[in-house]
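Please look over the structure below before reading the notes that follow. They are written for a reader who is new to describing proteins from their atoms.

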Amino acid sequence: MPASKTARERARAELTREIKDEARRQLAEVGPHGLSLRAVARELGMVSSALYRYFPSRDHLLTELIIDAYNEIGEAAERADDPSAEPRDRWLRIWHGTRDWAKRNPHEYSLIYGSPVPGYQAPQDTITPASRVAQALVRVMEAADLAPAMPGPPLSGELAEQARRVRAALGTSLAEADLVRLTTAWTHLFGAISFELFGQYAGTADPADAYFAYTARQLGDLVGLP
């Protein structure tokens, strides 16, 4: 009996993987706005009612794809990190590892950092996977003796409170000002990747290799890495 249950679980896991693989293929063709459970079922030779037993709605399938993409880009950042290296080197490794994944997986990147899907509201399940790249950068900053090149103006009360909430969510002891600088760097990381993938550097920083490397170093200075 247990072996039969295990076989059913394996079969379900395999079909779930096939459904998500087909959905990713369709993302490359029609984008998240055009993703359809009926179209996925048709391509897999399934009736749509059978697919609904795996994903009750398009939004459930989108959520799974979003969580997968966040986890994959987070894993890429974590694999690129080398805890035995100097903080500055670790920072650069994470930046380049994140960019490399995005360039290999532009459609999955667009799903999580592109235009919002009308009518779709991401559930709480996506929050932890979405924080993995930021968490990797936090660990680098925690390991460093920070000395910001540009301390910046004092934080307003609202911004300081927001930073305290971020600190609690990330479980870090970094100071509020350090977290605000980290947020600035994190925003620049994904902004630079998005500009590159979505063709916004045409006629300026294209190809973007040199500019991205420069930005990674500059933002390391901003957060105070030695």
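This is a predicted model: local features need pLDDT of at least 70, side-chain atom pairs count only at pLDDT 80 or more; totals for chains, interfaces and linings use all residues.

Residues are numbered from 1 along each chain as its sequence is written, and side-chain values use heavy atoms, with hydrogens and water left out. The protein has eleven helices and zero strands, where helices (H or I, at least four residues) and strands (E, at least two) are DSSP runs numbered from the N terminus.

**The whole protein**

- Read from the N terminus, the order of elements is α-α-α-α-α-α-α-α-α-α-α, and the C-alpha trace spans about 60 × 50 × 35 Å along its principal axes.
- Of the 226 residues in the protein, 42% are buried; buried means under 20% relative accessible area, exposed means over 50%, and partly exposed lies in between, using a 1.4 Å probe and protein chains only.
- Among contacts with a separation of 6 or more, 74% join residues 24 or more positions apart, a contact being heavy atoms within 4.5 Å.
- The protein exposes about 12100 Å², of which carbon and sulfur atoms supply 53%; the accessible areas come from the Shrake-Rupley method with a 1.4 Å probe, and for residues only the protein chains shown count as cover.
- There are 26 positive and 30 negative side chains, and the centres of the two sets lie 5 Å apart. Lys and Arg count as positive and Asp and Glu as negative, while His and the chain ends are not counted, and the place of a charge is taken as NZ of Lys, CZ of Arg, CG of Asp or CD of Glu.

**The nonpolar core**

- A nonpolar core is a set of buried Ala, Val, Leu, Ile, Met, Phe, Trp, Tyr and Cys residues joined through side-chain atoms within 4.5 Å.
- The largest such core holds 55 residues, and Leu51, Leu61, Trp91, Trp95 and Leu189 touch the most other members. Helix α4 gives the most to this core, with nine residues.
- Leaving out residues up to four places away in sequence, Leu61 touches Ile19, Lys20, Ala23, Leu35, Leu37 and Phe55.
- In soluble globular proteins, nonpolar side chains tend to be buried together.

- Helix α5 (residues 87–104) has 18 residues and should span 26 Å at 1.5 Å a residue, which agrees with the 26 Å between its end C-alpha atoms; the expected span is 1.5 Å times one less than the number of residues.
- The buried residues of α5 include Arg90, Trp91, Ile94, Trp95 and Thr98, and among the elements that cover its buried residues are α4 (58–80), α6 (106–113) and α10 (176–197).
- Helix α8 is mostly covered, since eight of its eleven residues are buried, among them Val133, Leu137 and Met141. The cover over the buried residues of α8 includes α4, α5, α7 (127–130), α9 (157–170), α10 and α11.
- The 15 residues of α11 should span 21 Å at 1.5 Å a residue, and this agrees with the 22 Å between its end C-alpha atoms.
- Buried residues of α11 include Phe212, Thr215, Leu219 and Val223, and their cover includes α5, α8 and α10. Just after α11, Gly224 takes a positive phi of about 95°.

**Single residues**

- Glu72 is found in helix α4 and counts as partly exposed because its relative accessibility is 30%.
- Glu161 belongs to helix α9 and is partly exposed, with a relative accessible area of 33%.
- Phe190 lies in helix α10 and counts as buried because its relative accessibility is 6%. Not counting residues up to four places away in sequence, Phe190 touches Ile73, Thr98, Tyr109, Tyr113 and Val133.
- A cis peptide bond, with omega about 5°, joins Asp206 and Pro207, and Pro207 lies in the loop between α10 and α11.
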